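Please keep the sequence and the 3D view open while reading.

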Amino acid sequence: MRNRRRPRALSLTLPNSRQPVFVLEKERYLLRNLSESGIGVWIPKEKAFGLTPKTQIKGDIVIDRLIHPVTLEVVHSAKGYVGLKILHSDRDLARIFRELLEPSNYATEVIPTDRSGKEEVCGRELALRLV
């Protein structure tokens, strides 16, 4: 696995109520992943026409029933996928993204120990250790 400067989260692993959706020209697109500085969006090839690197676009990110207007810059695009850098968003969206990224941020700090990868004898031993 490649080390990244900023962790990202795969949005499909989030519960439905926290599932961000990108809205561009009244079309809704699922986020593939997100980070504090950008998003990856699934956009069909025919709809991505004109989304070339350095193009700036305005749209909304919808989470639950909250709409967050954003200004984005296209960083890269591939077959059915567009990477977008967040140029401007509201504070609430930045806070929500930070919260959604907490597990990813925590995971970057986890280091293996001498017990890593060893099987537990029974569930009771594990429960006692967690208490």
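Strands β2 and β3 form a hairpin with two residues between them, and in that turn E25 has a positive phi of about 50°. Helices (H or I, at least four residues) and strands (E, at least two) are DSSP runs, numbered from the N terminus, and two strands pair if DSSP finds at least two bridges between them. The model is a predicted one, in which local features need pLDDT of at least 70 and side-chain atom pairs count only at pLDDT 80 or more, while totals for chains, interfaces and linings use all residues. Residues are numbered from 1 along each chain as its sequence is written, and side-chain values use heavy atoms, with hydrogens and water left out.

The pairing of β2 with β3 is antiparallel and runs over four bridges, with Y29 in β3 as the bridge partner of F22. Strands β3 and β4 also form a hairpin, here with three residues between them; their antiparallel pairing has three bridges, and G40 in β4 is the bridge partner of N33.

The largest nonpolar core has 24 residues, and F22, I39, I61, L72, L84 and F97 have the most contacts inside it. Such a core is a set of buried Ala, Val, Leu, Ile, Met, Phe, Trp, Tyr and Cys residues joined through side-chain atoms within 4.5 Å. Among the elements that give two or more residues to this core are β2 (21-24), β4 (38-42) and α1 (91-109), and the largest share, five residues, comes from α1. In soluble globular proteins, nonpolar side chains tend to be buried together.

Two residues can be set side by side, using the terms buried (under 20% relative accessible area), exposed (over 50%) and partly exposed (in between), for a 1.4 Å probe and protein chains only.

Contact means heavy atoms within 4.5 Å. Not counting residues up to four places away in sequence, I39 touches several residues, including F22, I61, L72, L84 and F97, whereas K85 touches S37, G38, T71, L72, E73 and V75.

Finally, the charged end of R32 sits over the ring of Y81, 4.5 Å from its centre; the rule asks for NZ of Lys or CZ of Arg within 6 Å of the ring centre and within 35 degrees of the ring normal.
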